[in-house]
Amino acid sequence: MKVWREVEDPITHATTHKEVTLFTNQKCKLSFEKQTSTTPTGGPALIAQTTKLFIAPELDIPAGSKIIVTQHNKTTEYARSGEPAIYTDHQEIQLELFERYS
């Protein structure tokens, strides 16, 4: 998991924005759900996919984080969207495909 943050160079003391890694190699699971809706005009049905991340509850994942998941030998970049639902043994976070930092 990565975030875009201000980082101060220890030598020049200049502050720039850089991608900073928060966590690596965390066990997680993705869940995919397709949602279908019809249009009032009788046109074709709209299909959308919702992606949800299941991960340890103690990890603090800020909004706007880039979440990189490798599952079944495929790596995909997501952005965190929405507040997590935190339970005793896990948290659930809605994800969107990552396009860019906000």
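Reader: Which residues does Leu 59 touch, not counting residues up to four places away in sequence?
Author: This is a predicted model, in which local features need pLDDT of at least 70, side-chain atom pairs count only at pLDDT 80 or more, and totals for chains, interfaces and linings use all residues. Residues are numbered from 1 along each chain as its sequence is written, and side-chain values use heavy atoms, with hydrogens and water left out. Contact means heavy atoms within 4.5 Å. With residues up to four places away in sequence set aside, Leu 59 touches Phe 23, Gln 26 and Gln 91.

Reader: Is Gln 91 buried or exposed?
Author: Buried means under 20% relative accessible area, exposed over 50%, and partly exposed in between (1.4 Å probe, protein chains only). The relative accessible area of Gln 91 is 1%, so Gln 91 counts as buried.

Reader: Which backbone oxygen does the side chain of Gln 91 reach?
Author: Gln 91 is found in strand S7; strands (E, at least two residues) and helices (H or I, at least four) are DSSP runs numbered from the N terminus. Leaving aside neighbours within four places in sequence, the contacts of Gln 91 include Leu 53, Ile 61 and Ile 86. At 2.9 Å, the side chain of Gln 91 reaches the backbone oxygen of Ala 56.

Reader: Which side chain does a polar contact join to His 90?
Author: His 90 lies in the loop between strand S6 (74-86) and strand S7 (91-97). A polar contact is a pair of N or O atoms within 3.5 Å; within protein, one must be able to donate a hydrogen and the other to accept it, and residues adjacent in sequence count only if both atoms are side-chain atoms. At 2.9 Å, such a contact joins the side chain of His 90 to that of Glu 92.

Reader: With which residue does Glu 92 form a salt bridge?
Author: A salt bridge is a side-chain nitrogen of Lys or Arg within 4 Å of a carboxyl oxygen of Asp or Glu. For Glu 92, the closest N and O atoms of the bridge are 3.5 Å apart, and the partner is Lys 52. Lys 52 lies in strand S4 (residues 46-55) and Glu 92 in strand S7, so parts that are 40 residues apart in sequence are tied together. Glu 92 is buried at 17% relative accessible area, and a partly exposed 27% belongs to its partner, Lys 52.

Reader: How many residues apart are Glu 19 and Lys 2?
Author: The side chains of Glu 19 and Lys 2 meet in a salt bridge with an N to O distance of 3.6 Å. Glu 19 is in strand S2 (residues 15-21) and Lys 2 in strand S1 (residues 2-8); these distant parts of the chain are linked across a separation of 17 residues.

Reader: Which residues do salt bridges that share partners join into one network?
Author: A search of the whole structure finds 5 salt bridges. One of them pairs Arg 80 with Glu 83 at 3.3 Å, N to O. Bridges with shared partners join into one network Lys 2, Glu 19, Lys 66 and Glu 77.
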